[in-house]
Amino acid sequence: MAAQQVFGNVTTMAPRIVQSVGAASLPQVGQPIVTTRMAAPAAQSTILSQPTIVSQPTVIRPATTTIAAPQAATVISGAPQTVTYAQPVTYAAPQPVTYVQPAVYTQPAQPVAAAPVEPEGNFKVCVVGGAGGIGQPLSLLMAQCPMVAELAIIDLNVAMVPAAGVEADLSHIEGKCKVTSTVLTLNEDKAIDKAGDALTGCHLVLVPAGVPRKPGQDRKDLLNINCDIAKGTVEACAKYCPDAVVALIVNPVNSVVPAMCELWKKAGLDPRKIVGVTTLDIVRANKFVQEITGSPASIPVIGGHAGKTILPLFSQDPAGASIPAEMIPELDERVQNAGTEVVKAKNGKGSATLSMAYSGARLGKAVLSGLAGVPTVECAYVESNLFEGLPYFSSLVEFGPNGIQAVMDVGQLSEHETARLQELCPILQDEINDGLEYAQTHEFGQ
Ligand code: NAD
Ligand code: LMR
(Lines give C-alpha, C1' and ligand atoms only; values in the text may rest on other atoms or scores of the structure.)
(Ligands and ions follow the chains in the order given, each with its own letter.)
Protein backbone atom coordinates (compact mmCIF):
# COMPACT_ATOMS: atom_id res chain seq x y z
CA MET A 1 0.00 0.00 0.00
CA ALA A 2 1.41 3.37 -0.96
CA ALA A 3 0.49 5.10 2.25
CA GLN A 4 1.82 8.45 1.12
CA GLN A 5 -0.93 8.60 -1.51
CA VAL A 6 -3.45 7.43 0.98
CA PHE A 7 -3.10 9.95 3.75
CA GLY A 8 -2.46 13.22 1.97
CA ASN A 9 -0.50 15.17 4.56
CA VAL A 10 -0.19 12.15 6.84
CA THR A 11 2.71 10.12 5.58
CA THR A 12 4.03 6.76 6.58
CA MET A 13 7.41 6.07 8.07
CA ALA A 14 9.21 2.85 8.65
CA PRO A 15 7.89 0.98 11.66
CA ARG A 16 9.89 1.78 14.74
CA ILE A 17 10.93 -1.58 15.93
CA VAL A 18 9.73 -4.37 13.73
CA GLN A 19 9.60 -5.68 10.27
CA SER A 20 6.67 -5.04 7.98
CA VAL A 21 4.23 -7.87 8.01
CA GLY A 22 1.86 -8.76 5.23
CA ALA A 23 -1.68 -9.82 6.02
CA ALA A 24 -0.86 -13.45 5.45
CA SER A 25 1.97 -13.42 7.95
CA LEU A 26 0.35 -11.30 10.64
CA PRO A 27 0.65 -12.99 14.01
CA GLN A 28 -2.59 -13.98 15.66
CA VAL A 29 -3.74 -11.63 18.37
CA GLY A 30 -3.29 -13.01 21.85
CA GLN A 31 -0.87 -15.59 20.65
CA PRO A 32 2.71 -15.78 21.70
CA ILE A 33 5.12 -15.33 18.87
CA VAL A 34 7.25 -18.27 18.04
CA THR A 35 9.71 -16.75 15.61
CA THR A 36 13.30 -15.79 15.45
CA ARG A 37 12.32 -12.49 17.05
CA MET A 38 11.96 -14.14 20.44
CA ALA A 39 13.54 -12.27 23.28
CA ALA A 40 17.10 -11.24 22.68
CA PRO A 41 19.75 -12.61 25.03
CA ALA A 42 19.93 -9.38 26.99
CA ALA A 43 16.20 -9.47 27.53
CA GLN A 44 16.38 -13.06 28.61
CA SER A 45 18.80 -12.19 31.33
CA THR A 46 16.24 -9.67 32.56
CA ILE A 47 13.70 -12.43 32.76
CA LEU A 48 15.95 -14.72 34.66
CA SER A 49 16.69 -11.97 37.09
CA GLN A 50 13.04 -11.92 38.07
CA PRO A 51 13.27 -13.75 41.33
CA THR A 52 10.03 -15.61 41.22
CA ILE A 53 9.76 -17.03 37.72
CA VAL A 54 10.36 -20.72 37.79
CA SER A 55 10.27 -22.19 34.34
CA GLN A 56 9.56 -20.55 31.05
CA PRO A 57 7.75 -22.57 28.45
CA THR A 58 8.20 -21.19 25.00
CA VAL A 59 4.63 -21.46 23.75
CA ILE A 60 1.17 -20.73 25.07
CA ARG A 61 -1.91 -21.31 23.05
CA PRO A 62 -4.47 -18.72 22.01
CA ALA A 63 -7.52 -18.45 24.22
CA THR A 64 -9.72 -20.15 21.68
CA THR A 65 -7.74 -23.35 21.84
CA THR A 66 -6.98 -23.60 25.51
CA ILE A 67 -9.93 -25.68 26.60
CA ALA A 68 -8.51 -28.17 29.02
CA ALA A 69 -8.47 -31.64 27.59
CA PRO A 70 -9.87 -34.36 29.77
CA GLN A 71 -7.15 -35.48 32.11
CA ALA A 72 -6.39 -39.15 32.14
CA ALA A 73 -6.80 -39.18 35.88
CA THR A 74 -10.43 -38.08 35.67
CA VAL A 75 -11.55 -40.45 32.93
CA ILE A 76 -13.40 -43.44 34.17
CA SER A 77 -14.32 -46.03 31.60
CA GLY A 78 -16.37 -49.13 31.80
CA ALA A 79 -18.83 -50.09 34.47
CA PRO A 80 -19.49 -48.08 37.61
CA GLN A 81 -16.68 -48.46 40.05
CA THR A 82 -16.51 -48.64 43.76
CA VAL A 83 -14.19 -46.28 45.55
CA THR A 84 -13.54 -46.63 49.24
CA TYR A 85 -12.73 -43.63 51.36
CA ALA A 86 -11.69 -43.97 54.95
CA GLN A 87 -13.34 -40.95 56.52
CA PRO A 88 -13.96 -40.04 60.11
CA VAL A 89 -17.70 -39.96 60.84
CA THR A 90 -18.47 -37.63 63.71
CA TYR A 91 -21.80 -38.99 64.96
CA ALA A 92 -20.84 -42.66 65.25
CA ALA A 93 -17.86 -44.86 65.57
CA PRO A 94 -15.39 -44.34 62.70
CA GLN A 95 -16.42 -46.48 59.75
CA PRO A 96 -15.34 -46.74 56.16
CA VAL A 97 -17.81 -44.90 53.89
CA THR A 98 -18.52 -46.42 50.51
CA TYR A 99 -19.47 -44.37 47.46
CA VAL A 100 -20.67 -45.92 44.23
CA GLN A 101 -19.68 -43.66 41.42
CA PRO A 102 -22.56 -43.09 39.02
CA ALA A 103 -22.09 -44.28 35.48
CA VAL A 104 -22.81 -40.82 34.04
CA TYR A 105 -19.24 -39.83 34.75
CA THR A 106 -18.06 -42.44 32.30
CA GLN A 107 -16.38 -40.92 29.28
CA PRO A 108 -14.84 -42.61 26.32
CA ALA A 109 -11.11 -42.72 26.77
CA GLN A 110 -9.50 -40.04 24.64
CA PRO A 111 -5.95 -39.28 23.83
CA VAL A 112 -4.94 -36.57 26.25
CA ALA A 113 -3.92 -33.50 24.30
CA ALA A 114 -0.98 -31.53 25.56
CA ALA A 115 -2.23 -29.27 28.31
CA PRO A 116 -2.13 -25.57 27.44
CA VAL A 117 1.17 -24.23 28.52
CA GLU A 118 0.98 -20.96 30.44
CA PRO A 119 4.05 -19.16 31.49
CA GLU A 120 4.73 -19.36 35.17
CA GLY A 121 5.23 -16.29 37.22
CA ASN A 122 4.75 -14.74 40.59
CA PHE A 123 3.97 -11.23 39.54
CA LYS A 124 2.56 -8.38 41.56
CA VAL A 125 -0.35 -6.60 39.89
CA CYS A 126 -2.20 -3.50 41.06
CA VAL A 127 -5.69 -2.48 39.96
CA VAL A 128 -6.23 1.23 40.57
CA GLY A 129 -9.97 1.81 40.81
CA GLY A 130 -10.21 -1.84 41.84
CA ALA A 131 -13.50 -1.41 43.72
CA GLY A 132 -15.28 0.14 40.71
CA GLY A 133 -17.43 -1.22 37.91
CA ILE A 134 -14.51 -2.50 35.85
CA GLY A 135 -12.12 -2.79 38.76
CA GLN A 136 -13.99 -5.48 40.69
CA PRO A 137 -14.38 -8.06 37.91
CA LEU A 138 -10.91 -7.18 36.61
CA SER A 139 -9.49 -7.82 40.07
CA LEU A 140 -11.35 -11.13 40.17
CA LEU A 141 -9.84 -12.21 36.86
CA MET A 142 -6.33 -11.11 37.77
CA ALA A 143 -6.53 -12.80 41.18
CA GLN A 144 -7.32 -16.05 39.35
CA CYS A 145 -4.46 -15.69 36.89
CA PRO A 146 -1.81 -18.32 37.67
CA MET A 147 0.92 -15.79 36.93
CA VAL A 148 -0.25 -13.42 39.70
CA ALA A 149 1.05 -13.94 43.24
CA GLU A 150 -0.04 -10.61 44.68
CA LEU A 151 -2.91 -8.30 43.80
CA ALA A 152 -3.06 -4.81 45.27
CA ILE A 153 -6.34 -2.92 45.00
CA ILE A 154 -6.42 0.86 45.29
CA ASP A 155 -9.63 2.88 45.40
CA LEU A 156 -11.24 5.90 47.00
CA ASN A 157 -13.23 5.94 50.24
CA VAL A 158 -16.31 6.81 48.14
CA ALA A 159 -16.14 3.70 45.93
CA MET A 160 -19.36 1.72 45.49
CA VAL A 161 -17.93 -1.02 47.72
CA PRO A 162 -15.12 -0.44 50.23
CA ALA A 163 -11.81 -1.61 48.78
CA ALA A 164 -11.32 -3.60 52.01
CA GLY A 165 -14.54 -5.48 51.20
CA VAL A 166 -13.28 -6.38 47.74
CA GLU A 167 -10.03 -7.51 49.34
CA ALA A 168 -11.85 -9.67 51.92
CA ASP A 169 -14.07 -11.18 49.24
CA LEU A 170 -11.27 -12.00 46.79
CA SER A 171 -9.08 -13.30 49.60
CA HIS A 172 -11.39 -16.31 49.97
CA ILE A 173 -10.77 -17.57 46.45
CA GLU A 174 -8.53 -20.62 46.19
CA GLY A 175 -5.07 -20.14 44.81
CA LYS A 176 -1.79 -18.55 45.64
CA CYS A 177 -2.77 -14.92 45.08
CA LYS A 178 -2.49 -12.65 48.12
CA VAL A 179 -4.86 -9.67 47.96
CA THR A 180 -4.37 -6.32 49.68
CA SER A 181 -6.22 -3.01 49.54
CA THR A 182 -5.43 0.65 49.98
CA VAL A 183 -8.02 3.41 50.43
CA LEU A 184 -7.45 7.00 49.43
CA THR A 185 -9.70 9.68 50.88
CA LEU A 186 -11.32 11.74 48.13
CA ASN A 187 -9.82 15.24 47.76
CA GLU A 188 -7.40 14.58 50.64
CA ASP A 189 -5.07 11.68 49.92
CA LYS A 190 -2.68 11.42 47.01
CA ALA A 191 -1.48 8.07 45.72
CA ILE A 192 2.07 9.36 45.82
CA ASP A 193 1.74 9.82 49.60
CA LYS A 194 -0.44 6.84 50.49
CA ALA A 195 -0.04 4.11 47.89
CA GLY A 196 3.66 3.35 48.24
CA ASP A 197 3.14 -0.11 49.72
CA ALA A 198 0.54 -1.03 47.11
CA LEU A 199 2.68 0.06 44.16
CA THR A 200 6.16 -0.93 45.28
CA GLY A 201 7.23 -4.13 43.56
CA CYS A 202 4.43 -4.04 40.97
CA HIS A 203 5.10 -5.52 37.56
CA LEU A 204 1.78 -4.42 36.07
CA VAL A 205 -0.58 -1.61 37.07
CA LEU A 206 -4.03 -1.73 35.48
CA VAL A 207 -5.83 1.62 35.65
CA PRO A 208 -9.61 1.76 35.24
CA ALA A 209 -9.78 4.57 37.88
CA GLY A 210 -11.81 7.39 36.38
CA VAL A 211 -15.25 8.61 35.52
CA PRO A 212 -17.34 6.73 32.92
CA ARG A 213 -19.52 8.61 30.45
CA LYS A 214 -23.29 8.97 30.59
CA PRO A 215 -25.73 8.78 27.66
CA GLY A 216 -25.23 11.81 25.39
CA GLN A 217 -21.62 12.31 26.49
CA ASP A 218 -18.61 11.76 24.32
CA ARG A 219 -15.44 10.15 25.71
CA LYS A 220 -13.74 13.53 25.06
CA ASP A 221 -15.98 15.12 27.71
CA LEU A 222 -14.02 13.15 30.32
CA LEU A 223 -10.64 14.55 29.26
CA ASN A 224 -9.75 16.91 32.10
CA ILE A 225 -11.27 15.05 35.01
CA ASN A 226 -9.81 11.70 33.95
CA CYS A 227 -6.39 13.09 33.01
CA ASP A 228 -6.17 14.56 36.52
CA ILE A 229 -7.13 11.21 38.06
CA ALA A 230 -4.68 9.32 35.83
CA LYS A 231 -1.88 11.77 36.63
CA GLY A 232 -2.25 11.05 40.34
CA THR A 233 -1.82 7.34 39.65
CA VAL A 234 0.92 7.59 37.05
CA GLU A 235 3.10 9.96 39.07
CA ALA A 236 2.88 7.49 41.98
CA CYS A 237 3.88 4.66 39.62
CA ALA A 238 6.81 6.78 38.44
CA LYS A 239 7.97 6.98 42.05
CA TYR A 240 7.25 3.50 43.38
CA CYS A 241 7.29 1.14 40.38
CA PRO A 242 8.97 2.88 37.43
CA ASP A 243 9.70 -0.50 35.81
CA ALA A 244 6.07 -1.65 35.87
CA VAL A 245 3.91 -1.70 32.76
CA VAL A 246 1.10 0.83 33.31
CA ALA A 247 -2.00 -0.12 31.32
CA LEU A 248 -4.45 2.77 31.02
CA ILE A 249 -8.09 1.81 30.58
CA VAL A 250 -9.46 5.20 31.63
CA ASN A 251 -11.11 7.30 28.89
CA PRO A 252 -10.55 9.12 26.64
CA VAL A 253 -7.75 6.65 25.90
CA ASN A 254 -6.82 8.55 22.71
CA SER A 255 -5.78 11.60 24.80
CA VAL A 256 -5.05 10.22 28.29
CA VAL A 257 -2.33 7.89 26.99
CA PRO A 258 -0.36 10.59 25.12
CA ALA A 259 -0.75 12.90 28.14
CA MET A 260 0.52 10.31 30.62
CA CYS A 261 3.24 8.95 28.36
CA GLU A 262 4.65 12.44 27.73
CA LEU A 263 4.67 13.18 31.48
CA TRP A 264 6.33 9.79 32.05
CA LYS A 265 9.01 10.63 29.47
CA LYS A 266 9.53 14.09 31.00
CA ALA A 267 10.35 12.23 34.22
CA GLY A 268 13.05 10.35 32.28
CA LEU A 269 11.16 7.05 32.22
CA ASP A 270 10.79 4.41 29.52
CA PRO A 271 7.75 4.92 27.23
CA ARG A 272 7.67 1.18 26.49
CA LYS A 273 5.88 0.84 29.82
CA ILE A 274 2.79 2.95 29.02
CA VAL A 275 0.01 1.08 27.24
CA GLY A 276 -3.47 2.22 26.21
CA VAL A 277 -5.99 -0.60 26.48
CA THR A 278 -8.08 -1.03 23.31
CA THR A 279 -8.59 -4.79 23.65
CA LEU A 280 -12.36 -4.39 24.04
CA ASP A 281 -12.58 -3.25 20.41
CA ILE A 282 -10.86 -6.45 19.28
CA VAL A 283 -13.06 -8.58 21.52
CA ARG A 284 -16.18 -6.90 20.10
CA ALA A 285 -15.06 -7.22 16.50
CA ASN A 286 -14.30 -10.91 17.07
CA LYS A 287 -17.71 -11.47 18.64
CA PHE A 288 -19.67 -9.69 15.92
CA VAL A 289 -17.81 -11.59 13.19
CA GLN A 290 -18.50 -14.90 14.92
CA GLU A 291 -22.19 -14.00 15.21
CA ILE A 292 -22.31 -13.55 11.44
CA THR A 293 -20.03 -16.32 10.24
CA GLY A 294 -20.26 -18.89 13.02
CA SER A 295 -16.46 -19.02 13.12
CA PRO A 296 -14.15 -17.67 15.80
CA ALA A 297 -12.20 -14.67 14.60
CA SER A 298 -9.09 -12.72 15.44
CA ILE A 299 -9.60 -9.22 14.04
CA PRO A 300 -6.86 -6.63 14.54
CA VAL A 301 -8.36 -3.24 15.39
CA ILE A 302 -6.10 -0.28 14.72
CA GLY A 303 -6.14 3.51 15.18
CA GLY A 304 -7.57 4.59 18.49
CA HIS A 305 -10.40 3.94 20.93
CA ALA A 306 -13.26 6.32 20.10
CA GLY A 307 -15.80 6.50 17.28
CA LYS A 308 -14.28 6.69 13.83
CA THR A 309 -10.74 6.24 15.14
CA ILE A 310 -11.64 2.59 15.81
CA LEU A 311 -10.74 0.69 12.63
CA PRO A 312 -11.33 -3.08 12.57
CA LEU A 313 -9.34 -4.87 9.87
CA PHE A 314 -11.86 -7.55 8.92
CA SER A 315 -9.89 -8.36 5.77
CA GLN A 316 -6.99 -9.73 7.84
CA ASP A 317 -8.86 -12.68 9.32
CA PRO A 318 -10.30 -15.62 7.37
CA ALA A 319 -13.74 -15.37 9.01
CA GLY A 320 -13.82 -11.58 8.69
CA ALA A 321 -12.66 -11.75 5.08
CA SER A 322 -15.50 -14.16 4.25
CA ILE A 323 -18.10 -11.49 5.04
CA PRO A 324 -19.51 -9.89 1.86
CA ALA A 325 -18.01 -6.45 1.16
CA GLU A 326 -21.42 -4.78 1.24
CA MET A 327 -21.90 -5.81 4.88
CA ILE A 328 -18.57 -4.42 6.06
CA PRO A 329 -19.42 -0.70 6.50
CA GLU A 330 -22.32 -1.51 8.82
CA LEU A 331 -20.28 -4.03 10.79
CA ASP A 332 -17.43 -1.52 11.07
CA GLU A 333 -19.87 1.06 12.48
CA ARG A 334 -21.24 -1.45 14.96
CA VAL A 335 -17.75 -1.93 16.38
CA GLN A 336 -17.18 1.84 16.46
CA ASN A 337 -20.44 2.43 18.30
CA ALA A 338 -20.43 -0.61 20.55
CA GLY A 339 -19.37 1.43 23.59
CA THR A 340 -22.27 3.80 23.05
CA GLU A 341 -24.59 0.79 22.66
CA VAL A 342 -23.64 -0.31 26.20
CA VAL A 343 -23.79 3.24 27.64
CA LYS A 344 -27.35 3.59 26.29
CA ALA A 345 -28.41 0.17 27.53
CA LYS A 346 -27.05 0.94 31.02
CA ASN A 347 -29.18 4.08 30.93
CA GLY A 348 -27.03 6.42 33.01
CA LYS A 349 -25.57 3.71 35.25
CA GLY A 350 -22.15 3.53 33.59
CA SER A 351 -20.46 2.04 30.58
CA ALA A 352 -19.04 -1.37 29.70
CA THR A 353 -17.61 -3.03 32.80
CA LEU A 354 -17.79 -6.81 32.41
CA SER A 355 -16.62 -7.03 28.81
CA MET A 356 -13.98 -4.44 29.69
CA ALA A 357 -12.78 -6.47 32.65
CA TYR A 358 -12.55 -9.53 30.40
CA SER A 359 -10.59 -7.49 27.85
CA GLY A 360 -8.37 -5.82 30.45
CA ALA A 361 -7.48 -9.21 31.90
CA ARG A 362 -6.66 -10.49 28.43
CA LEU A 363 -4.31 -7.58 27.83
CA GLY A 364 -2.91 -7.93 31.35
CA LYS A 365 -2.12 -11.60 30.77
CA ALA A 366 -0.42 -10.77 27.46
CA VAL A 367 1.79 -8.25 29.27
CA LEU A 368 2.61 -10.73 32.05
CA SER A 369 3.37 -13.45 29.50
CA GLY A 370 5.82 -11.08 27.85
CA LEU A 371 7.42 -10.26 31.19
CA ALA A 372 7.68 -13.99 31.87
CA GLY A 373 9.67 -14.46 28.68
CA VAL A 374 6.91 -15.55 26.30
CA PRO A 375 6.51 -12.69 23.81
CA THR A 376 2.81 -12.21 23.17
CA VAL A 377 0.89 -10.09 20.69
CA GLU A 378 -2.19 -7.96 21.31
CA CYS A 379 -3.42 -4.74 19.78
CA ALA A 380 -2.73 -1.76 22.01
CA TYR A 381 -2.55 2.04 21.76
CA VAL A 382 1.07 3.03 22.31
CA GLU A 383 3.72 5.48 21.30
CA SER A 384 4.32 4.72 17.66
CA ASN A 385 5.97 6.06 14.57
CA LEU A 386 4.05 4.06 12.03
CA PHE A 387 2.43 7.22 10.68
CA GLU A 388 4.02 10.64 10.70
CA GLY A 389 1.82 13.08 12.58
CA LEU A 390 0.34 10.29 14.71
CA PRO A 391 2.81 9.76 17.56
CA TYR A 392 0.32 7.44 19.28
CA PHE A 393 -1.50 4.70 17.43
CA SER A 394 -3.10 1.35 18.12
CA SER A 395 -1.76 -1.62 16.19
CA LEU A 396 -0.49 -5.09 16.91
CA VAL A 397 2.12 -4.83 19.64
CA GLU A 398 4.45 -7.52 20.87
CA PHE A 399 4.94 -7.56 24.63
CA GLY A 400 8.25 -8.83 25.92
CA PRO A 401 10.41 -8.78 29.05
CA ASN A 402 10.51 -4.97 29.15
CA GLY A 403 6.95 -4.21 28.14
CA ILE A 404 6.36 -3.05 24.56
CA GLN A 405 8.93 -4.92 22.53
CA ALA A 406 7.75 -4.30 18.99
CA VAL A 407 5.13 -2.24 17.22
CA MET A 408 3.95 -3.91 14.04
CA ASP A 409 2.89 -2.11 10.94
CA VAL A 410 -0.69 -2.41 9.86
CA GLY A 411 -0.25 -4.89 7.01
CA GLN A 412 -2.35 -4.94 3.87
CA LEU A 413 -5.64 -3.09 3.92
CA SER A 414 -8.77 -3.48 1.82
CA GLU A 415 -10.13 -0.53 -0.13
CA HIS A 416 -12.67 0.19 2.62
CA GLU A 417 -10.01 0.01 5.33
CA THR A 418 -7.67 2.26 3.36
CA ALA A 419 -10.37 4.93 3.03
CA ARG A 420 -11.24 4.61 6.71
CA LEU A 421 -7.61 4.98 7.72
CA GLN A 422 -7.46 8.20 5.75
CA GLU A 423 -10.63 9.38 7.49
CA LEU A 424 -9.47 8.58 11.01
CA CYS A 425 -6.03 10.22 10.81
CA PRO A 426 -7.07 13.86 11.36
CA ILE A 427 -9.57 12.92 14.06
CA LEU A 428 -6.99 10.92 15.98
CA GLN A 429 -4.41 13.64 15.45
CA ASP A 430 -6.69 16.18 17.20
CA GLU A 431 -7.32 13.85 20.11
CA ILE A 432 -3.60 13.10 20.51
CA ASN A 433 -2.96 16.85 20.48
CA ASP A 434 -5.41 17.30 23.36
CA GLY A 435 -3.29 14.89 25.37
CA LEU A 436 -0.02 16.51 24.36
CA GLU A 437 -1.40 19.88 25.41
CA TYR A 438 -2.34 18.46 28.81
CA ALA A 439 1.22 17.19 29.23
CA GLN A 440 2.63 20.60 28.29
CA THR A 441 0.55 22.36 30.89
CA HIS A 442 0.92 19.86 33.74
CA GLU A 443 3.74 18.30 35.72
CA PHE A 444 4.03 15.34 38.03
CA GLY A 445 3.98 16.46 41.66
CA GLN A 446 1.70 19.47 41.13
P1 NAD B 1 -16.58 3.32 37.95
O2 NAD B 1 -17.01 4.67 38.35
O3 NAD B 1 -17.51 2.19 38.17
O4 NAD B 1 -15.22 2.92 38.65
C5 NAD B 1 -14.14 3.80 38.70
C6 NAD B 1 -13.46 3.60 40.03
O7 NAD B 1 -12.32 4.44 40.07
C8 NAD B 1 -14.35 4.00 41.22
O9 NAD B 1 -14.39 2.95 42.16
C10 NAD B 1 -13.67 5.22 41.78
O11 NAD B 1 -13.82 5.34 43.18
C12 NAD B 1 -12.22 4.95 41.39
N13 NAD B 1 -11.38 6.13 41.41
C14 NAD B 1 -11.66 7.37 40.96
N15 NAD B 1 -10.62 8.17 41.18
C16 NAD B 1 -9.65 7.42 41.75
C17 NAD B 1 -8.35 7.69 42.23
N18 NAD B 1 -7.82 8.90 42.15
N19 NAD B 1 -7.64 6.67 42.76
C20 NAD B 1 -8.18 5.44 42.87
N21 NAD B 1 -9.40 5.14 42.46
C22 NAD B 1 -10.14 6.12 41.90
O23 NAD B 1 -16.17 3.41 36.40
P24 NAD B 1 -15.88 2.19 35.41
O25 NAD B 1 -17.13 1.78 34.74
O26 NAD B 1 -15.07 1.18 36.10
O27 NAD B 1 -15.00 2.95 34.29
C28 NAD B 1 -13.74 3.45 34.61
C29 NAD B 1 -13.11 4.13 33.41
O30 NAD B 1 -12.85 3.17 32.38
C31 NAD B 1 -13.97 5.20 32.76
O32 NAD B 1 -13.17 6.31 32.44
C33 NAD B 1 -14.48 4.54 31.49
O34 NAD B 1 -14.79 5.47 30.49
C35 NAD B 1 -13.29 3.69 31.13
N36 NAD B 1 -13.55 2.59 30.20
C37 NAD B 1 -12.63 2.32 29.25
C38 NAD B 1 -12.80 1.28 28.37
C39 NAD B 1 -11.77 0.97 27.34
O40 NAD B 1 -12.06 0.21 26.42
N41 NAD B 1 -10.55 1.46 27.45
C42 NAD B 1 -13.95 0.49 28.45
C43 NAD B 1 -14.89 0.78 29.44
C44 NAD B 1 -14.69 1.86 30.32
C1 LMR C 1 -16.29 1.39 25.67
O2 LMR C 1 -15.87 1.35 24.52
O3 LMR C 1 -17.19 0.63 26.07
C4 LMR C 1 -15.66 2.34 26.64
O5 LMR C 1 -14.78 3.20 26.01
C6 LMR C 1 -16.67 3.08 27.47
C7 LMR C 1 -17.44 4.11 26.70
O8 LMR C 1 -17.55 5.23 27.19
O9 LMR C 1 -17.95 3.80 25.63
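**Reading burial, shells and backbone angles**

Colleague: Which residues does Leu-368 touch, not counting residues up to four places away in sequence?

Modeller: Leu-368 touches Gly-121, Phe-123, Met-147 and Leu-204. Please keep in mind that this is a predicted model. Leu-368 itself lies in helix α13.

Colleague: How many residues separate Leu-368 and Pro-119 along the chain?

Modeller: Leu-368 and Pro-119 are 249 residues apart along the chain, yet their C-alpha atoms are separated by 8.6 Å.

Colleague: Is Leu-368 buried or exposed?

Modeller: The general idea is to count neighbours: a residue is buried if 20 or more other C-beta atoms lie within 10 Å of its own, and exposed if 12 or fewer do. Leu-368 counts as buried because it has 25 C-beta neighbours inside 10 Å.

Colleague: Which residues of helix α12 are buried?

Modeller: In α12, which spans residues 338-346, Ala-338, Gly-339 and Val-343 are buried. They lie on the same side of α12, because they cover an arc of only 145 degrees around the axis. The elements that cover these buried residues include α9 (279-293) and α11 (328-336).

Colleague: Which exposed residues does the face of α12 turned away from its buried side carry?

Modeller: That face carries the exposed residues Glu-341 and Ala-345.

Colleague: What surrounds ligand 2?

Modeller: One lists the residues of the shell and then asks where they come from. Around ligand 2 are Pro-212, Arg-213, Arg-219, Asn-251, Leu-280, Gly-339, Thr-340, Val-342, Val-343, Ser-351 and Ala-352. Helix α12 supplies the largest share of this shell, four residues. By type, the shell divides into five nonpolar, four polar and two charged residues.

Colleague: Which residues come nearest to ligand 1?

Modeller: Ligand 1 has 35 residues around it, and those that come nearest are Gly-129, Gly-132, Gly-133, Gly-210 and Asn-251. Its shell comprises 21 nonpolar, twelve polar and two charged residues. Strand β4 (148-156) and helix α7 (223-240) each supply at least two residues of that shell.

Colleague: Is the peptide bond from Asn-251 to Pro-252 cis or trans?

Modeller: This is read from the angle omega. The bond from Asn-251 to Pro-252 is cis, with omega near -5 degrees. Pro-252 lies in the loop between β7 (245-248) and α8.

Colleague: Is the phi of Asn-187 positive or negative?

Modeller: Phi is another backbone angle. For Asn-187, a residue other than glycine, phi is positive, near 65 degrees. Asn-187 lies in the loop between β5 (178-184) and α5 (191-194). It is exposed, because 7 other C-beta atoms lie within 10 Å.

Colleague: Where does Asn-347 lie?

Modeller: Asn-347 lies in the loop between α12 and α13 (354-371), just after α12. Although it is not a glycine, Asn-347 has a positive phi of about 55 degrees. With 9 other C-beta atoms within 10 Å, Asn-347 is exposed.

Key
Residues numbered from 1 in each chain as written. Chains lettered and ligands numbered in written order. Predicted model: local features only at pLDDT ≥ 70, side-chain atom pairs only at ≥ 80, totals over all residues. Near = placed C-beta within 6 Å. Nonpolar A, V, L, I, M, F, W, Y, C, P; charged D, E, K, R; others polar. Arc of directions from axis to C-beta. Contact = placed C-beta atoms within 7 Å.
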